[in-house]
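Have the sequence and the model open as you read.

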Amino acid sequence: MGPRREHPKSAGCGLSSDKPQKPSTKIVTAGRREALTGPVVNAPIWRASTHLYPNVAALEAGKTSNEDGRFFYGRRGSPTQWSLAEALTEMEPGAHGTMLYPSGVAAIACALLSVLKAGDILLMTDNAYDPSRSLADGFLKRFGVETRYFDPLTTDYDTLFCDRTKAILLESPGSLTFEVQDIPAICAAAKKNNVVTVLDNTWATSYFHTALDKGIDMAILSCTKYIVGHSDVMMGSVTTHAKYWTRLRQTAQQLGQTVSPDDAYLASRGLRTLSVRMKAHAASALQVARWLQTQPDVANVFHPALPECPGHEIWKRDFTGASGLFSFIHKGDAATAAAFVDALGLFGIGYSWGGFESLALPVQPEKYRSAVAWEKDGTLIRLQIGLENTDDLIADLEAAFVKARRA
Ligand SMILES: *Cc1c(COP(=O)(O)O)cnc(C)c1O
């Protein structure tokens, strides 16, 4: 063995400069925890339910700390999960910690359950992901929490809140209709009213949109999407600052939330290439979106980087990029739009997004609205643009438009 380089503290990776790291550097270096995982650049899979203590005194001492980095029992994770959680924390300036969950939906549920109780009101943006609504209208309602939906594009923030309002769930942009919300303004109004702000940040990730520095208290990711990036793992995360950390952590632990080291390993592996994938998704999706704008069968394209997308100016101000997911209105009826999607060869038909492969599906936002109706002629189609060559993707879309017209 050659001379060993000193591997310094777990965080920060022994930088020689004090300059803050750029996001793409953090993605590579964050959460290595070499002190625990050994001199490797990605934490290995550390399988264990039982951690052994040398004696009873150490077993007792172990009960006094409840933080990542301390072996306790498998449910509290091992270096594989701690490394991933720490990396996600480092990507959100101002964050204290990150909890991991077996899915994005579990992350949303646990974030809300950690701050709500019977009698409280939850505000939810009307463009929220359907399972978030289902959690509110089913589970939370049964436990005495009332949910009020609001127009994602409202600017009348102060009238949203009342004495019983305790949390607000935002999703920006909405993952079907892509309205971009004025997060700093909503957070400022929420703070005045002592309301916890929770953001589903899955579309941008903290690579394109840091949330806590915009005023968000809890930033949620469905890691299933871009963090994992390869369509083979389900996972969610919530990143928060010190104020809500203990509640968030205890709620997750009380509900027995845990992710396997194998899944955490795959998520860490995906994370390390997030910046190059995001740049590629961004460039290709925008090229396809611009091409769609020129097509006779297309009425509108909802892509935050295009001026016709509601909230485009806010996107320009708050985000550093646009990811690979957007939607457009096909002028045809549902049957024609279905024929269009069926005719696609390179686009898979399936839920989820954020992987390396392109996907398409017709979506019906009108079914999931209660505050403001979604009234548009035609049929909304959502595209996830993967890492295929864009000329091939455009040729596929072009051929499908022709086939659908004939159908
Ligand atoms: C997929 C998704 C989720 C849920 O994540 P899962 O990991 O599938 O449970 C949450 N929010 C948005 C916007 C999503 O697209």
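## How the spaces are defined

On a 1 Å grid over the protein atoms alone, a cavity is a set of points where a 1.4 Å probe fits but cannot get out, while a pocket is an open set with protein on both sides within 12 Å along at least five of seven lines; lining residues have an atom within 4 Å of a point. Grid points are joined across faces, edges and corners, and a volume is the space filled by probe spheres set on the points.

This is a predicted model, in which local features need pLDDT of at least 70, side-chain atom pairs count only at pLDDT 80 or more, and totals for chains, interfaces and linings use all residues. Residues are numbered from 1 along each chain as its sequence is written, and side-chain values use heavy atoms, with hydrogens and water left out.

## The cavities

Three cavities of 30 Å³ or more are found in the structure. Two or more lining residues come from each of α4 (79-90), β1 (97-101) and α9 (242-254); helices (H or I, at least four residues) and strands (E, at least two) are DSSP runs, numbered from the N terminus.

The second largest cavity holds about 70 Å³. Among the residues lining this cavity are Asp126, Tyr129, Glu171, Pro365 and Arg369. The lining divides into five nonpolar, two polar and four charged residues (Ala, Val, Leu, Ile, Met, Phe, Trp, Tyr, Cys and Pro count as nonpolar, Asp, Glu, Lys and Arg as charged, and the others, Gly among them, as polar). Why does this cavity lie between domain 1 (85-271) and domain 2 (274-406)? Both domains give residues to its lining, so the second largest cavity lies between them. The domain bounds come from an automatic or database domain assignment.

Of its 15 lining residues, Pro23, Met91, Ser206, Tyr207 and Thr210 lie nearest the centre. At least two lining residues come from each of α1 (23-29) and α8 (205-208).
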